[in-house]
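Subject: Structure handover

Hello,

Here is the structure we spoke about. Please open it alongside this note; my findings follow below.

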Amino acid sequence: MKKFLAYFILIMLLISLTSCSLSKNTSKDIFHYKNSYVGNNSAVGSIINQLPNHKEFTQMSLQTKKKPYGMTIEYKNLPANTKNIVINNATYLFALIKNVEWIVFDFADQKYTLKRQQLDEWYGKDLSSYTNEKELEELIHTNLNDKNKVNQLFTK
C-alpha cells in the first residue's frame, strides 16, 4: 500500500508539473525571429502571424531565386488605416529578416510596395539594428503620429 501511495504521489506530481509547463504562454517573442532569411518561409509566416491584421493575411510569395530578394503578402480586405498597417508590418519584417529588400502588400484593390532602403531613409535609422520590440514600437509610433510624413512615404 505504501508503494502504491508513493507511485500515486509521484504520478500526480509529474502531471501537475507537466500541466504547469503546458499552460504557460507558448507564443514566442517576435524578436526570436531576428536574423531570419526571406527563404525561411516558416519564420516569415510566423512573423506575419504576429503582426497587425494577421487574420486578414491570406498568402505570401517569396522571391528567393535572384537578388534583390523580396516578398508579396496578400490580405483579404483593405483596412481603414492601411498605410499605418503597411508601415508597421514592413518595419518589423525589415528589422527581423536579414536579406529582404522589398515587400509588396496586396490588399485586393490596392497594392503598396516598400523597399528596405526607402524605409530606412524615412526613419533615418537602420531597421536591422533594432534588437527588441519595445524600441521598435517606439520608433514606429513616433513616426506614425506625423500624418504628413506618412503620406510623404507613399508619394515618392
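A residue counts as buried when its relative accessible area is under 20%. Alanine 43 has a relative accessible area of 5%, so it is buried. Please keep in mind that this is a predicted model.

**Confidence**

The average pLDDT of the protein is 88. A score of at least 70 is reached by 82% of the residues. Residues 17-26 are another matter: pLDDT stays under 50 there. The model also gives that stretch zero contacts beyond four places in sequence. Where pLDDT is low, the predicted coordinates should not be read in detail.

**Around alanine 43**

Alanine 43 sits in helix α2. Not counting residues up to four places away in sequence, it touches Tyr33 and Ser36. Leucine 96 is 53 residues from alanine 43 in sequence, yet their C-alpha atoms are 9.7 Å apart in space.

**The sheet**

Four strands form an open sheet in the order β1-β2-β3-β4. The pairing is mixed. At the edges are β1 (57-63) and β4 (110-115), each pairing on one side only. On average, neighbouring strands are turned by 15° against each other, direction ignored. β1 pairs with β2 (residues 70-75) in the antiparallel sense, over six bridges. In that pair, leucine 62 stands opposite methionine 71 of β2. Helix α2 (residues 41-48) packs on the sheet and touches β1 and β2. The direction of α2 makes about 140° with that of β1.

**The core**

The largest nonpolar core holds 41 residues. Met71, Ile73, Leu93, Ile103, Phe105, Leu119 and Leu136 have the most contacts inside it. Two or more residues each come from α2, β2, α3 (82-96), β3 (102-107), β4, α4 (116-123), α5 (133-144) and α6 (147-153). The largest share is that of α3, with nine residues. In soluble globular proteins, nonpolar side chains tend to be buried together.

Look at leucine 93 in particular. Leaving aside neighbours within four places in sequence, leucine 93 is in contact with Ile47, Ile48, Leu51, Met71, Ile73, Val100, Ile103 and Phe105.

**α3 against α5**

The axes of these two helices, α3 and α5, come within 11 Å. They cross at roughly 145°. The crossing of α3 past α5 is right-handed. On the α3 side, the residues in contact are Asn84, Ile87, Asn88, Thr91, Tyr92 and Ala95. They meet Glu133, Leu136, Glu137, Ile140 and Leu144 of α5.

Glycine 124 follows α4 and has a positive phi, near 75°.

One more residue belongs here. Asparagine 143 lies in helix α5. Its relative accessibility is 9%, so asparagine 143 counts as buried. Not counting residues up to four places away in sequence, asparagine 143 touches Trp122, Tyr123, Lys149 and Val150.

Best wishes

Note on methods: Residues are numbered from 1 along each chain as its sequence is written. This is a predicted model: local features need pLDDT of at least 70, side-chain atom pairs count only at pLDDT 80 or more; totals for chains, interfaces and linings use all residues. Side-chain values use heavy atoms; hydrogens and water are left out. Two strands pair if DSSP finds at least two bridges between them. Axes are lines fitted to C-alpha atoms, for helices over the stretch in contact, and angles run from 0 to 180 degrees between N-to-C directions. Contact means heavy atoms within 4.5 Å. pLDDT is the predictor's confidence in each residue, from 0 to 100. A nonpolar core is a set of buried Ala, Val, Leu, Ile, Met, Phe, Trp, Tyr and Cys residues joined through side-chain atoms within 4.5 Å. Buried means under 20% relative accessible area, exposed over 50%, partly exposed in between (1.4 Å probe, protein chains only). A crossing is left-handed if the near helix is turned anticlockwise from the far one by less than a right angle, and right-handed if clockwise.
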